[in-house]
Amino acid sequence: MLRQRHLDLCQRIIDLGGQPFVVGGYVRDMLLGRQPKDVDVVVVGANDAVMSMLDHEGNMVGKDFPVWVVGDVEVALARTERKAGEGHTGFVCVTGGVTLEEDLMRRDLCINAMAMDPFTDKVFDPFGGARDLKERTLRPVSHHFSEDPLRVLRAARFAAQLDMRITPDLVFVAQSVLPELITLPGERVWGELEKALRTPKPSLFFDALHKMGALEIVLPEVDALQGRTQPEKYHPEGDAYVHTLEVLDRAAELGSDDETMFAALTHDLGKAVTDDDNLPHHYNHEALGVPLVHAMCDRLHVPNSHRRVAAVTAKEHLNVHRFDDLKPTKKVRLLMRLGAVQGDQLARRVVLASKADARGRGPLYCDSAYEQGDRVLLAAAVLRTVKGHEFAHLKDGNKIAQNMERARAKALKQAGF
């Protein structure tokens, strides 16, 4: 149910001569039995002059099409849109005399094209969105879907967020807008990718993009993993693409944060560029993947915190796997690269992504133990017990570093590592 302040706002809109309807995600989530987050209100039968009476209650944003933000509610006039250029923003909006159904028709998916009377909770569903929710399918409302290339990514994200399947109709209309995907700013692609990586089953996002033909355009580094065979002994799940999607789902199940999820996505990008003559082996894929991680981060404007965890994970995840087999000095050097001296936040994220990597190999491994990960973190704590001031008297920086490394290796050995 809407809160009283929402109802009060809707009543003020009625007093101004408009007819308010709650639309979009609120109605969808309510029908799904989920707690709605956003309250968006569309007003029929009013104009900008009437709506400007809300200026004293909130902020008016938007140049080409005004939206009034009143508390946690966004209020807009019912509108239609006409395509006037390429990309995500190439539209001309029309508001005069637009009906509720005309406004809903311009939306992306039928599950998002429903409205609700704020006072009676009566749902207006001219395009069968409630049926789609029940059948767990995603359909485009109309041909207008193809006017905005960002909707392709949004549809894929909804597939993962709501565990729904895309329909042939959606695939067909999405393919008509594929050439415009290259016009999307990197940060808009990243925005949808970041949301998708927060879903319970992120693999559905990539599967949906692939079915619509968009994956190779927006995430070519991930798409390139398809068909890159792996040794069946270690990877019974299939090629590097299948493995990556399984790793993502395992990482989500482990409760990974945003940085770790991105690292899980990019940890094996190097397998796309290893020597074909050595397949199914991927020698040196760790080092080869690091430039690909940076290229993706540059293109999508990925935050530096994500970049750092992803690059270190790509380079070091195999070393984490074989930690117990490393000699003490090599363990020290690995832990230093994991930032163990500064704390264990980076190390914890790399270890968690590596754990997801180990579990992302089919049903036989999805719940497997990962004791080496715990040992990496315990060893990092041991490393921090060796203090640099013990060697300050040596003066020479190189000698201090050498003695520190030896002392740290000795400490690990004494602690049983």
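Visitor: At what angle do the axes of helix α12 and helix α13 cross in this predicted model?

Guide: Two packed helices are described by the angle between their axes and the distance between the axes. Here, helix α12 (residues 240–253) and helix α13 (residues 258–266) have axes that come within 8 Å and cross at roughly 160 degrees.

Visitor: Which residues of α12 meet α13?

Guide: From α12, the residues are Thr244, Val247, Leu248, Ala251 and Ala252. Their counterparts in α13 are Met261, Ala264 and Leu265. By class, the residues of this contact divide into seven nonpolar, one polar and no charged.

Visitor: Let us turn to the pockets. What volume does the second largest pocket have?

Guide: The volume of the second largest pocket is about 520 Å³.

Visitor: How many residues line the second largest pocket, and which of them lie nearest its centre?

Guide: The lining consists of 24 residues. Nearest the centre of the pocket lie Tyr234, His235, Lys271, Leu318 and His321.

Visitor: Which elements give two or more residues to that lining?

Guide: Those elements are α15 (304–321) and α17 (345–359). The largest share, three residues, comes from α15.

Visitor: How does the lining of the second largest pocket divide by class?

Guide: The lining of this pocket has nine nonpolar, 10 polar and five charged residues. In the contact of α12 with α13, by contrast, there are seven nonpolar residues, one polar and no charged.

Methods:
Residues are numbered from 1 along each chain as its sequence is written. This is a predicted model: local features need pLDDT of at least 70, side-chain atom pairs count only at pLDDT 80 or more; totals for chains, interfaces and linings use all residues. Side-chain values use heavy atoms; hydrogens and water are left out. Axes are lines fitted to C-alpha atoms, for helices over the stretch in contact, and angles run from 0 to 180 degrees between N-to-C directions. Helices (H or I, at least four residues) and strands (E, at least two) are DSSP runs, numbered from the N terminus. Contact means heavy atoms within 4.5 Å. Ala, Val, Leu, Ile, Met, Phe, Trp, Tyr, Cys and Pro count as nonpolar, Asp, Glu, Lys and Arg as charged, and the others, Gly among them, as polar. On a 1 Å grid over the protein atoms alone, a cavity is a set of points where a 1.4 Å probe fits but cannot get out, and a pocket is an open set with protein on both sides within 12 Å along at least five of seven lines; lining residues have an atom within 4 Å of a point. Grid points are joined across faces, edges and corners, and a volume is the space filled by probe spheres set on the points.
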